[in-house]
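Welcome! Let us read a protein model together, one feature at a time.

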Amino acid sequence: MINDVQNKLTSFPIQAFQQDLINWYLAEKRDLPWRKDQDPYKVWVSEIMLQQTRVDTVIPYFNAFITKFPTITALADADEEDVLKAWEGLGYYSRVRNLQAAVREVKETYGGKVPNSPEEISKLKGVGPYTKGAILSIAYNIPEPAVDGNVMRVLSRILSIWEDIAKTKTRKIFEEVTYELISKEDPSSFNQAVMELGALICTPTSPKCLLCPVREHCTAFEEGVQADLPIKSKKKKPKPLQMAAAVLYDNKGNFYIHKRPPAGLLANLWEHPNLELDSVSGKTYREQLGEFLATEYNIDAELSELSGTVQHVFSHLIWNISVFIGKVKNASDTQLILVTEEELQKYAFPVSHQKIYQIYKES
Ligand code: SF4
């Protein structure tokens with residue numbers, strides 16, 4: 001650990017801090033569905049859902065997911081199509097594909113019981129250092145750090161640590177700090193308390209220091225620098241892509257859809273046929289889309305004028321999609337799948353393509 005941080009810890013009142021933090025947590029914690037018991041499977045599902053997603057959004061998804069797949073075996077044995085459908089709208093779909101692969105491994109290798117050793121659990125697909133620490137501490141009460149951006153923000157303020165939390169190697173420093181700070185008697189409450197403090201009190205902007213249960217231990221508050229911490233360098237801006245998509249239907253009201261490849265962005269999800277546009281071709285978006293449908297999918301369609309636009313922001317990309325509606329005149333030999341409107345509801349589509357379909361419904 002860097003010397004400066006080590007020095008700060010030497011004079012830090014660890015026990016008093018643990019006590020104030022845990023007492024506050026036990027009295028004030030939110031009543032969240034994954035806190036009803038310490039089932040490692042439920043802790044795992046909730047932690048995966050909560051990555052990049054807000055608690056309010058996760059709650060209904062978590063409840064529906066656990067009702068549909070109540071156990072490791074139920075999720076391991078489920079069709080991927082059903083699992084993706086249950087995740088539809090949550091985004092970052094590789095999370096759930098990895099979760100299912102990992103759960104299958106738990107079923108086969110560990111007899112359906114989530115392993116409680118750091119070495120075994122970290123080998124599971126999609127289980128990084130944060131998820132490992134969260135499951136081990138929350139479900140098994142093992143004093144392992146679970147450090148994410150939230151936790152780094154809180155601890156950087158409490159100990160006045162001025163390391164850039166956007167850098168990968170910084171997490172190690174905070175893991176070492178947590179090993180020192182964590183309650184050995186109740187690591188489950190300790191880790192959840194730090195997360196809860198970050199969610200409710202020590203928020204990214206305007207932390208509520210006057211209500212904070214650990215204010216008297218907080219160096220940033222004492223120095224008046226809580227608004228300057230954590231240090232977080234800016235990420236690269238996402239790259240915008242101009243695209244066009246077509247909602248294609250036939251004269252019986254069926255739809256032509258496409259399954260994305262099994263690897264990469266939004267793998268295995270369904271979509272309306274679309275392409276990335278060429279801004280220097282001199283052709284209109286509609287012309288480019290028409291040619292693409294003909295050459296890529298053997299589809300001859302009568303395309304509408306522009307029906308609407310959809311924007312979707314990923315961490316590294318922005319899709320700006322122009323949406324057209326197409327009545328298919330000829331589709332012999334196409335590799336697209338033809339489905340009824342009812343069947344369409346059973347397939348998992350990313351949010352952007354749900355919005356594209358919505359434009360069709362409203363047109
Ligand atoms: S006193 Fe303020 S800055 Fe310090 S931990 Fe509490 S809320 Fe965060």
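This is a predicted model: local features need pLDDT of at least 70, side-chain atom pairs count only at pLDDT 80 or more; totals for chains, interfaces and linings use all residues.

Q: How many residues are in contact between domain 1 and domain 2?
A: On the domain 1 side there are eight, and they are in contact with 15 residues of domain 2. Putting an area on this, about 910 Å² is buried between the two domains, with 48% of it given by carbon and sulfur atoms.

Q: How many residue pairs are in polar contact across the interface of domain 1 and domain 2?
A: Six residue pairs are found in polar contact there. On the side of domain 1 that touches domain 2, the largest share comes from helix α6 (residues 80–87), with four residues. By type, the residues on that side are two nonpolar, one polar and five charged.

Q: What should I know about charged side chains in general?
A: When their charged atoms come close, side chains of opposite charge can pair. Between domain 1 and domain 2 the count is one salt bridge. Its partners are Lys259 and Glu81, whose closest N and O atoms are 3.5 Å apart.

Q: Which parts does the pair of Glu81 and Lys259 tie together?
A: Glu81 lies in helix α6 and Lys259 in strand β2 (residues 255–259), so the pair links parts that are 178 residues apart in sequence. Glu81 is partly exposed, with a relative accessible area of 25%, and Lys259 is also partly exposed, at 33%.

Q: How many salt bridges does a search of the whole structure find?
A: The search finds 16. Let us look at a few of them. Asp56 and Arg54 meet through their side chains, at 3.5 Å from N to O. Asp56 is exposed, with a relative accessible area of 54%, and Arg54 is exposed at 59%.

Q: Where do Lys172 and Glu175 lie?
A: Both are in helix α11 (residues 170–181), and because they are three residues apart there, about one helical turn separates them. Lys172 forms a salt bridge with Glu175, with 3.6 Å between the closest N and O atoms. Glu175 counts as buried, at 11% relative accessibility.

Q: Which residues are linked in a network of salt bridges?
A: Arg30, Arg35 and Glu196 are linked in this way.

Q: Is Thr203 buried or exposed?
A: To decide, look at the relative accessible area: under 20% counts as buried. Thr203 has 12%, so this residue is buried. Thr203 sits in the loop between α12 (187–200) and α13 (219–223). A polar atom of the Thr203 side chain is 3.4 Å from the backbone oxygen of Ser206. Beyond neighbours within four places in sequence, Thr203 is in contact with Arg153, Arg157, Gly198 and Lys208.

Q: Where is the place of Cys202, and which residues does Cys202 touch?
A: Cys202 is in the loop between α12 and α13. Not counting residues up to four places away in sequence, Cys202 touches Arg153, Val154, Arg157, Leu197 and Pro207. The C-alpha atoms of Cys202 and Arg153 are 8.0 Å apart, with the two residues 49 residues apart along the chain. Cys202 is buried too, with a relative accessible area of 9%.

How values were computed
Residues are numbered from 1 along each chain as its sequence is written. Side-chain values use heavy atoms; hydrogens and water are left out. Contact means heavy atoms within 4.5 Å. Buried area is the accessible area (1.4 Å probe) that two parts lose on being put together, summed over both. A salt bridge is a side-chain nitrogen of Lys or Arg within 4 Å of a carboxyl oxygen of Asp or Glu. A polar contact is a pair of N or O atoms within 3.5 Å; within protein, one must be able to donate a hydrogen and the other to accept it, and residues adjacent in sequence count only if both atoms are side-chain atoms. Helices (H or I, at least four residues) and strands (E, at least two) are DSSP runs, numbered from the N terminus. Ala, Val, Leu, Ile, Met, Phe, Trp, Tyr, Cys and Pro count as nonpolar, Asp, Glu, Lys and Arg as charged, and the others, Gly among them, as polar. Buried means under 20% relative accessible area, exposed over 50%, partly exposed in between (1.4 Å probe, protein chains only).
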